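Biologist: Could you take me through the helix packing and the aromatic contacts of this model, with the cut-offs spelled out as you go?

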Amino acid sequence: MSDARLAVRVSGDIHELEGEIVSPYINHDLEPTRIKQRKWAMKDIAALWISMSACVPTYMLASSLIAEGMSWWQAVVTIFLGNTIVLLPMILNAHAGTKYGIPFPVYCRPSFGILGANIPAILRALVACGWFGIQAWIGGWAIFKIIAVFVPSWESAPTEILGISLPQLLCFLFFWGINMWVIHKGIDSIRILLNIKAPLLIALGLALLAWAYGKAGGFGPMLDTPSAFSAGGKKEGQFWSFFFPALTGMIGFWATLSLNIPDFTRYAYSQRDQVVGQALGLPTTMGLYSFIGVAVTSATAVIYGETIWDPVVLLTKFKSPVLLVVALFSLCIATLATNIAANVVSPANDFANLWPKGISFRTGGFITGVIGILIQPWRLVSDPSGYIFTWLVGYSALLGAIGGILIADYFIVRKTKLDLVQLYVREGSYWYRGGFNPAAILALLAGILPNLPGFLGTSKVMTVAPIWMKLYNYAWFVGFFISGALYVLLAPILGRSEATPVKVES
């Protein structure tokens, strides 16, 4: 342990470790935060969500819903509702981070075991790597469009490298390199970057909204177009069969952060700060920014005679080079801030949890970046239907099951009570069987397996019975409730540690 006497001081509902733990399962990035490190007030938590939600993927999120037949208001309501639903597990999982100052991988240890925690952590990390790649591609795309205004020949370059052109690849790698540089500089600058980015992209979005309204003399035909699911429409009577998988996809959009939110709330002053900050920042910004995307795109049909969903492409239509460069540069900064906060903090900690003494936050961030290239993100976003039903719904099945176990363990089994010291101790209270809790592993598999046939069917890997495809429409809910319920049943039977807890003087 340590020669120093260890104790846990409780101030209000905040637990602070006094002394230093010496263990192979701890490093600077994984240890509990101290009171002096807690600098996130309600406004900072709200700014976190405003910053992460006000991004290009949110702007474009309604496009696939409208393309499949929803009216604009049905699409925006679906997005708002999905984010209101995911807010609940977000707030619940954030509780442990705020109370004990622990990051997500350590939060997984009471339920999965000290070594077993690597299972949910790596599953979460791999999803974040995919999102990192998508955001890096968007940032590189913005740079490509800036340069193409001044070098038009770039637009006609042949797509000869993995489905993209050499200029596109170079811009992607350049923006990726900027992300790597920020990771090298460390975690401390993220809060400041987010506070700058939050008003920046909101202002850019509202400015686009005002421009579109004035230029088109209104928002255009899309807002007047009825739903294809309404009476007489092409998909009459099919609304609910589309709505539920779409809703699941919207929940999947932030299902990643609903798990690793302790990585941020461990720096919050209080539970009130994290609850109110998240409630103010998440669903409202997602609803507003998706509406901006719909309204501006609707106006482009009047202004340019075509619907332009991609804000990067839209900004290149502006005649003023100065205005164009400023707008796209702002977009790059905004994308950078979202990417670092949403898609680097968690996987960096998750990879560090694999080998705390050998992998730091910085090294974990570099691993995230490399995997982000290997997944070829431009392929993920090229097909709107595949983006929602294969990517978003697919990983929501994994993360829903993990979320069900974490919440069941922390709130139902343990009643929010954790032993802060034992979270880092080999052969301690959370060691179970060789470092793994079989109750959590079985519950995780049980939550994932019912969704596997639907995923394979949606991915066109194989043909499956219709019942599996229908079940897959509810992937996040299926995983969440099956895994959570089964864990509660198995924990008293299989979730007992074979080790004798190490007693620490206090």
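Biologist: At roughly what angle do the axes of helix 6 and helix 14 cross?

Modeller: This is a predicted model, where local features need pLDDT of at least 70, side-chain atom pairs count only at pLDDT 80 or more, and totals for chains, interfaces and linings use all residues. Residues are numbered from 1 along each chain as its sequence is written, and side-chain values use heavy atoms, with hydrogens and water left out. Helices (DSSP runs of H or I, at least four residues) are numbered from the N terminus, and axes are lines fitted to C-alpha atoms over the stretch in contact, with angles from 0 to 180 degrees between N-to-C directions. The axes of helix 6 and helix 14 (residues 321-343) come within 10 Å, and they cross at roughly 170 degrees.

Biologist: Are helix 6 and helix 14 roughly parallel or roughly antiparallel?

Modeller: Angles under 35 degrees count as roughly parallel, over 145 as roughly antiparallel, 65 to 115 as roughly perpendicular and the rest as oblique. With a crossing of roughly 170 degrees, helix 6 and helix 14 are therefore roughly antiparallel.

Biologist: How do helix 7 and helix 16 run relative to each other?

Modeller: The axes of helix 7 (residues 166-185) and helix 16 (residues 361-374) come within 9 Å and cross at roughly 165 degrees. That crossing makes helix 7, relative to helix 16, roughly antiparallel.

Biologist: Which residues of helix 16 make the contact with helix 7?

Modeller: Contact means heavy atoms within 4.5 Å. On the side of helix 7 the contact involves F172, L173, W176, M180, I183, H184 and K185. Helix 16 contributes R362, G365, F366, G369, V370, G372 and I373.

Biologist: How are the rings of W49 and W254 arranged?

Modeller: Rings of Phe, Tyr and Trp (its six-membered ring) pair if their centres lie within 6.5 Å, and planes under 30 degrees apart count as stacked, over 60 as edge-to-face and the rest as tilted. By this rule there are 30 aromatic pairs. The rings of W49 and W254 lie 5.1 Å apart centre to centre, with 85 degrees between the planes, and the pair is edge-to-face.

Biologist: Are W49 and W254 buried or exposed?

Modeller: Buried means under 20% relative accessible area, exposed over 50%, and partly exposed in between (1.4 Å probe, protein chains only). W49 in helix 1 (residues 42-53) and W254 in the loop between helix 9 (239-253) and helix 10 (255-260) are 205 residues apart, and both are buried.

Technical notes. Helices (H or I, at least four residues) and strands (E, at least two) are DSSP runs, numbered from the N terminus.
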